[in-house]
Amino acid sequence: SSGINAEYGEGYRLAGKYQPPPSWNGTIRGWRLRHALNHIGVPIVSSAITTVLAAATLSLTQIQMFSRFGKILALTMALSLIYTLFMSGSLLAVFAPTKFTGSRKSSLKGLLIAAVLTCAVTPLPLYLFKEAIIC
């Protein structure tokens, strides 16, 4: 689930290698977000949807352990996708650097920050909805 967020951030970083077209009237951050979504968005959404569908199928089994695992996995992936598309995009639009292209070291720092943020946010709904998951 943190990989989805890291891919989006990496797409934003790679967008710094290209210049916006002359007809672009928005901000540089906005263009980089659009570029990242155009190139990374479809694979991110596709992978999340297939994982959610596989987990939903798994949650229909009679074996209790597999059923719980399927529910937790489906909820985690759905929330990670929502967080990545809305929360990460909003944070990048406000706080991300405009002229930063990065290095390997900065990419690893960004991956670590994305993983920590995702791991901090994702368990909250699981805790709030634990009664619905256990049943």
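Ser67 lies in helix α3 of this predicted model. Its relative accessibility is 10%, under the 20% limit, so Ser67 counts as buried. Ala56 stands 11 residues from Ser67 along the chain, and the C-alpha atoms of the two are separated by 8.6 Å.

Two further residues can be described in the same terms. Thr118 is found in helix α4. With a relative accessible area of 2%, Thr118 is buried. Between Thr118 and Thr84 there are 8.7 Å in space, C-alpha to C-alpha, and the two are 34 residues apart in sequence. Ala15 belongs to helix α1. The relative accessibility of Ala15 is 0%, so this residue counts as buried. Ala15 and Arg29 are 14 residues apart in sequence, with their C-alpha atoms 9.6 Å apart in space.

| Pair | Separation in sequence | C-alpha to C-alpha distance |
|---|---|---|
| Ser67 and Ala56 | 11 residues | 8.6 Å |
| Thr118 and Thr84 | 34 residues | 8.7 Å |
| Ala15 and Arg29 | 14 residues | 9.6 Å |

As for the chain as a whole, it has six helices and zero strands. Its pattern, read along the sequence, is α-α-α-α-α-α. The chain has 135 residues, of which 27% count as buried.

The largest pocket holds about 640 Å³ of space. It is lined by 25 residues, and the closest to its centre are Gly9, Leu92, Gly110, Leu111 and Ala114. Three helices each supply at least two residues of this lining: α1, spanning 2-15, α3, spanning 64-95, and α4, spanning 104-121. Sorted by class, the lining of the largest pocket consists of 14 nonpolar, six polar and five charged residues.

Helices α3 and α4 each supply at least two residues of the patch. The largest share, four residues, comes from α3. Both helices also contribute to the lining of the largest pocket, where α3 and α4 each supply at least two residues.

Is Phe95 buried or exposed? Its relative accessible area is 65%, which is over the 50% cut-off, so Phe95 is exposed. Ser67 also lies in helix α3, but at 10% relative accessibility Ser67 counts as buried.

Conventions:
Residues are numbered from 1 along each chain as its sequence is written. This is a predicted model: local features need pLDDT of at least 70, side-chain atom pairs count only at pLDDT 80 or more; totals for chains, interfaces and linings use all residues. Side-chain values use heavy atoms; hydrogens and water are left out. On a 1 Å grid over the protein atoms alone, a cavity is a set of points where a 1.4 Å probe fits but cannot get out, and a pocket is an open set with protein on both sides within 12 Å along at least five of seven lines; lining residues have an atom within 4 Å of a point. Grid points are joined across faces, edges and corners, and a volume is the space filled by probe spheres set on the points. Ala, Val, Leu, Ile, Met, Phe, Trp, Tyr, Cys and Pro count as nonpolar, Asp, Glu, Lys and Arg as charged, and the others, Gly among them, as polar. Buried means under 20% relative accessible area, exposed over 50%, partly exposed in between (1.4 Å probe, protein chains only).
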